[in-house]
Amino acid sequence: MTIKNTILITWGTGRLGKAFKKILPNALYPSRNDMDITNTHVVESYIKLHKPDIVIHLAALASIPKCEENKTLAWNTNVLATRNLVKISKKYWVKKFIYLQSACIFSWEDDFMYDEDSIPAPKHYYGLTKLVAEEIIKSYNSDIFQTIIARTNFTTMPWEYPKAFTDRYWTYLFAQWVAKGIEEIIDSNTTFPIIHICGEREISMYEYAQLWWSDIKPMTLADYDWPALTRNMSLLTKYWHTYKIEDSNYNDN
Ligand SMILES: NC(=O)c1ccc[n+]([C@@H]2O[C@H](COP(=O)([O-])OP(=O)(O)OC[C@H]3O[C@@H](n4cnc5c(N)ncnc54)[C@H](OP(=O)(O)O)[C@@H]3O)[C@@H](O)[C@H]2O)c1
């Protein structure tokens, strides 16, 4: 790791935040108690005090059902708090602002794979709030304040379920590969404004789960009737390299 800058990672106690702690142990990781991102004064005081060079923004209301149930909280957390954070970051001379973006901004039509230039069309409120935040962040991009939207899909390990679909496909990575990908993006000094961090090939969820549980039980979409599930959740990248999913055999605990 060649990063020498002060890095601030908004994380609370999140799944991806825990993976970042292993890859970037010296970064600042304010919890919600240290820096509630919806409190503008607290965010400004924290950034003014710690003077980060790089902000990696993870904190969000990242649950699809919770965003549907409480749209006010979702909007305040994912949109308004992000807008304040990016504005304050620029004001206090942060050089790079990296936003972890969900692939839920896409509509996931069957058999379509989405790259950085694909048109977003979120199907639910979580995806909508993340998309609005992305557009706000992009509008701040400049030569002295670089913004990068890093879109990805990940799971933590161990695999949480007794079965896995043999006929649903994705390019998901384990969380620590995503954190590693962000570290590489920072190190590379790339200026691409949107980057997809994804696996090198689409694999079935069953094959993926087997990387962790070799005796995982198979199931198919025919075994499952509600809610409607997306058959393929694979991302492509035009501007970054892909990751060999089998190599990402980390333990997230
Ligand atoms: N899961 C995926 O596959 C995926 C894919 C791409 C991008 N992302 C994005 O990656 C980021 C992290 O996702 P995740 O799955 O790790 O989510 P997560 O486990 O739900 O973590 C989100 C974190 O945000 C914190 N948070 C929420 N509101 C806050 C507030 N007002 N102030 C401070 N912290 C607050 C939460 O803190 P508390 O613990 O205190 O509630 C929690 O620790 C999100 O931006 C998500 O949209 C996720």
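Reader: How do the residues of the shell around the ligand divide into nonpolar, polar and charged?

Author: In this predicted model, eleven of the shell residues are nonpolar, nine are polar and four are charged.

Reader: And which of them come nearest to the ligand?

Author: Of the 24 residues around the ligand, the nearest are Trp 11, Thr 13, Arg 15, Leu 58 and Tyr 126.

Reader: What lies 2.5 Å from an oxygen atom of the ligand?

Author: That is a polar side-chain atom of Thr 13. A polar backbone atom of Leu 16 is 2.8 Å from an oxygen atom of the ligand. For Lys 130, an N or O atom in the side chain is 2.8 Å from a ligand oxygen atom.

Reader: How much of the ligand's accessible area does the protein cover?

Author: On its own the ligand has 900 Å² of accessible area, and the protein covers 84% of that.

Reader: Which elements give two or more residues to the shell?

Author: They are helix 1 (15-23), strand 3 (96-102) and helix 5 (125-138). Strand 3 gives the most, with three residues.

Reader: Turning to the largest nonpolar core, which residues touch the most other members?

Author: Of its 54 residues, these are Ile 9, Phe 20, Leu 24, Ile 56, Trp 159, Ile 182 and Tyr 208. Helix 6 (residues 175-188) gives the most to this core, namely seven residues.

Reader: What is Trp 159 in contact with, leaving aside neighbours within four places in sequence?

Author: Its contacts include Trp 170, Met 205, Tyr 208, Trp 212 and Trp 213.

Reader: Which residues does the second, separate core include?

Author: Among its 22 residues are Ile 47, Ile 88, Tyr 99 and Ile 149.

Methods
Residues numbered from 1 in each chain as written. Predicted model: local features only at pLDDT ≥ 70, side-chain atom pairs only at ≥ 80, totals over all residues. Heavy atoms only, no water. Near = heavy atom within 4 Å. Polar contact = N/O pair within 3.5 Å; in protein donor to acceptor, adjacent residues only side chain to side chain. Areas by Shrake-Rupley, 256 points an atom, 1.4 Å probe, with all protein chains shown as cover. Helix = DSSP H or I, 4+ residues; strand = E, 2+ residues; numbered from the N terminus. Nonpolar A, V, L, I, M, F, W, Y, C, P; charged D, E, K, R; others polar. Core = buried A, V, L, I, M, F, W, Y, C linked by side-chain atoms within 4.5 Å. Buried < 20%, exposed > 50% of the residue type's maximum accessible area, 1.4 Å probe, protein only. Contact = heavy atoms within 4.5 Å.
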